[in-house]
Each structure stands twice: as C-alpha cells, then as structure tokens.
Amino acid sequence: MIHLEFSPETIEQLQYLKRHHPHPHVRKKMEALFLKSQGMPHSQICRIVGIGGRATLIRYFRDYEEGGLDQVQKLNFRKPESELELHRSTIEAMIADRPPATIKEMRHRIEEATGLKRSTTAVYRFLKKKRRIEAL
C-alpha cells in the first residue's frame, strides 16, 4: 500500500477540486486522492471512483508524490498528427501554384512530391481540416 501524506489544506483543496474542476478526468483523480486521504483501501477507491485497474490508481498516486496537486491536474492526452503535416508548406505551395481539380488528383500529386501514399479520404480530411480547399 502506498503511503501518502495529506495536509488539512490539501484535503480541503481535494474536496473543492473533486467537485469544481472544469475537466471530469481531473475530478475523478481528485476524488481518488480524497478517498486515499481518508484511508480507504485501493480496491474500494477503484470501485467507487470507477477506475478500471489498480495501475491507473497507482499512477494517480505517483503523480501526486512527484508533483503534488499541480501534477495531478495536468492533462496529457495524446494528439496524433498526420505525417502530411510535416509536408504542409510543400502541399500548400502545390495548391497555390496549380489548384487541383479533384481530391484524387491532389492525392496523386502529394504522393509524387512527398512519397506519402494516403487514401483520398485522408487527403480530403487533411486539406479540409487545414482549410486549404474551398470546394473540390
């Protein structure tokens, strides 16, 4: 069992943050830490808070040990980015020089210029997301 120290001020902050933090994921972490501060066993904390595995709970506790409440409040969601983004300037220059008539044509031109073979849907989403096309 992990032993964590909680000051009365920290417990007050946990009580507030578990209900008022703007992000639901952080509220869940604060609830878990609050229950830990009350001496509740890990298995019960997981059940009450709705955490699937004890490894997740331990990660919350380790974050608290390393950096306190500030560390626990950080959100580190993975945000994958298209490899096409690495060639953004090249693609934009190709569009500026000679706008494509179709997505299929643009897909072919991107493959020739960058070596990246992508589906027409992937190319469309990339171009649409970055507002590089008006109507193709």
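Please keep in mind that the model is predicted: local features need pLDDT of at least 70, side-chain atom pairs count only at pLDDT 80 or more, and totals for chains, interfaces and linings use all residues. Residues are numbered from 1 along each chain as its sequence is written, and side-chain values use heavy atoms, with hydrogens and water left out.

**Overall build**

The protein chain has seven helices and zero strands, giving the pattern α-α-α-α-α-α-α along the sequence. Helices here are DSSP runs of H or I with at least four residues, strands are runs of E with at least two, and both are numbered from the N terminus.

Along the principal axes, the C-alpha atoms fill a box of roughly 65 × 25 × 25 Å. The radius of gyration of the protein chain is 24 Å, whereas a compact globule of 136 residues would have one near 14 Å. That radius is taken over C-alpha atoms, and the globule rule is 2.2 Å times the number of residues to the power 0.38.

Of the 136 residues, 35% are buried. Buried means under 20% relative accessible area, exposed means over 50%, and partly exposed lies in between (1.4 Å probe, protein chains only).

Helix α2 (residues 24–37) and helix α4 (residues 54–73) have axes that come within 11 Å and cross at roughly 105°. Axes are lines fitted to C-alpha atoms, for helices over the stretch in contact, and angles run from 0 to 180 degrees between N-to-C directions. The pair is therefore roughly perpendicular; angles of 65 to 115 degrees count as such, while those under 35 are roughly parallel, those over 145 roughly antiparallel and the rest oblique.

On the α2 side, the meeting residues include His25, Val26 and Met30, and on the α4 side they include Leu57, Tyr60 and Phe61. By class, this contact has 10 nonpolar, two polar and three charged residues. Ala, Val, Leu, Ile, Met, Phe, Trp, Tyr, Cys and Pro count as nonpolar, Asp, Glu, Lys and Arg as charged, and the others, Gly among them, as polar.

Helix α3 (residues 42–49) also packs with α4, at an angle of about 100° and with the axes 10 Å apart. These two helices are therefore roughly perpendicular as well. His42, Ser43, Ile45 and Cys46 of α3 make the contact with Arg54, Leu57, Ile58 and Phe61 of α4.

Contact means heavy atoms within 4.5 Å.

| Pair | Along the chain | C-alpha separation |
|---|---|---|
| Leu116 and Tyr60 | 56 residues | 39 Å |
| Arg27 and Lys74 | 47 residues | 12 Å |
| Arg109 and Met94 | 15 residues | 8.3 Å |

Leu116 sits in the loop between α6 (103–114) and α7 (120–129), and its 11% relative accessibility makes it buried. Not counting residues up to four places away in sequence, Leu116 touches Glu83, Leu84, His87, Ile110 and Glu111.

Arg109 belongs to helix α6 and, at 10% relative accessibility, counts as buried. Beyond its neighbours within four places in sequence, Arg109 is in contact with Met94, Ile95, Arg98, Pro99 and Pro100.

Arg27, in helix α2, is partly exposed with a relative accessible area of 26%.
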